[in-house]
Amino acid sequence: MALHRLSAITVGVPNPVETGDYYAEFGLARAADGWFRTRDGGDQLRIVHAPTRRLLEARIGADDPDDLGAAAARLRRLGVEPVLAGTELTAVEPVTGVRAVLRVEPRILQEAVAPTPYNGPGRVDRPGVRAPGVLRTDPIRPRKLGHAVLGTTDAAATIAFFRDGLGFRTSDLMGNVGAFLRCSTDHHNILVLQAPVSFLHHTSWQVDDVDDVGRGAMAMLEGRPERHVWGLGRHHAGSNFFWYLKDPAGNFSEYYSDMDSIPEDAPWTPEVFEGAKGLFNWGPPPPPSFINPEDLAALMTDAHT
Ligand SMILES: [Fe+2]
């Protein structure tokens, strides 16, 4: 695959200071110029001021300058004029206004974390000791950015931009209203969803295991129950454990673990999921505000003024 990672995102919010404090508490480390850093992925989130919350930019790592030339040709066939400068290609997705930046970058190799010992029937992986998940006291610090989810008023056009233009691959589909797209071996790095207005639905951050999904969310909810959105559960598409919280600008942020991985040479057949199946396999039912965030009407009004 020419593309190999979702490197970084820039999110615009009306309240960058408050929102930055939230992501520092979420476990991202503050870096220079509004950037926030993960343990394995480097500077991966930049928070800047914008009149309403939105995804401004997504940076995607590519292997080779030739990959940028090929993407430029494909984008032109879609009627999008990219800017190609050295080892960087910039193109604006016409529906959402998201700026995509393809950059020739080295791949990241995550150091393997030892598997968490879980006891099972006839199998004791943890003799004579309590579970690590109940003993851990260290605060959660996400390993890397996993994915961003974009609401768009024209899913077909936005999917075409990422898939047919930039070169993302399709992992699964949600009827004809959404596509799970990957630019790495993760099941999805961008999920495009049909919506009444273009907006950033959520960003998702990898932690070590399901215990850390739970520990991270519980720590964020201590004294702040209004941050809870949806969790704990396991998605069907992508299989990951999830727990969604809400940042002070209204964007959802997800802790996840155990997502499906699709190596470049692995056989994978995309499936089309209808209704709730694409959304989750088990867990509490999603609140209506997960599908239609509470500020959606306000975002629609802002989009038309
Ligand atoms: Fe997600």
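**Exercise 1. Find which strand gives the most to the lining of the largest cavity.**

Solution. Strand β13, residues 199-206, gives the most, with 3 residues. The model is a predicted one. Next, list the lining: Val 11, Tyr 23, Leu 45, Leu 200, Thr 203, Trp 205, Asp 247 and Asn 251. Sort these residues by class: 5 are nonpolar, 2 are polar and 1 is charged. Finally, take the volume. The largest cavity holds about 50 Å³ of space. The structure has 1 cavity of 30 Å³ or more.

**Exercise 2. Classify the ring pair of Trp 230 and Phe 242.**

Solution. Two values describe an aromatic pair: the distance of the centres and the angle of the planes. There are 14 aromatic pairs in the structure. Now place the residues. Trp 230 lies in strand β14 (residues 228-234) and Phe 242 in strand β15 (residues 241-246), 12 residues apart. Both are buried.

**Exercise 3. Explain why the pair of Trp 230 and Tyr 244 is stacked.**

Solution. Planes under 30 degrees apart count as stacked. The planes of Trp 230 and Tyr 244 are at 10°, with centres 5.9 Å apart, so the pair is stacked. This pair links strand β14 with strand β15, across 14 residues. Trp 230 and Tyr 244 are buried. Then widen the view. Ring pairs join Trp 230, Phe 242, Tyr 244, Phe 252, Phe 280 and Phe 290 into a cluster.

**Exercise 4. Locate the charged end of Arg 234.**

Solution. Look at Phe 241. The charged end of Arg 234 sits over the Phe 241 ring, 3.9 Å from the ring centre.

Notes: Residues numbered from 1 in each chain as written. Predicted model: local features only at pLDDT ≥ 70, side-chain atom pairs only at ≥ 80, totals over all residues. Heavy atoms only, no water. Phe/Tyr/Trp six-rings, centres within 6.5 Å; stacked < 30°, edge-to-face > 60°. Helix = DSSP H or I, 4+ residues; strand = E, 2+ residues; numbered from the N terminus. Buried < 20%, exposed > 50% of the residue type's maximum accessible area, 1.4 Å probe, protein only. Lys NZ or Arg CZ within 6 Å of the ring centre and 35° of its normal. 1 Å grid on protein atoms, 1.4 Å probe; cavity = no way out; pocket = protein on both sides within 12 Å on 5 of 7 lines; lining within 4 Å. Points joined across faces, edges and corners; volume = space filled by probe spheres on them. Nonpolar A, V, L, I, M, F, W, Y, C, P; charged D, E, K, R; others polar.
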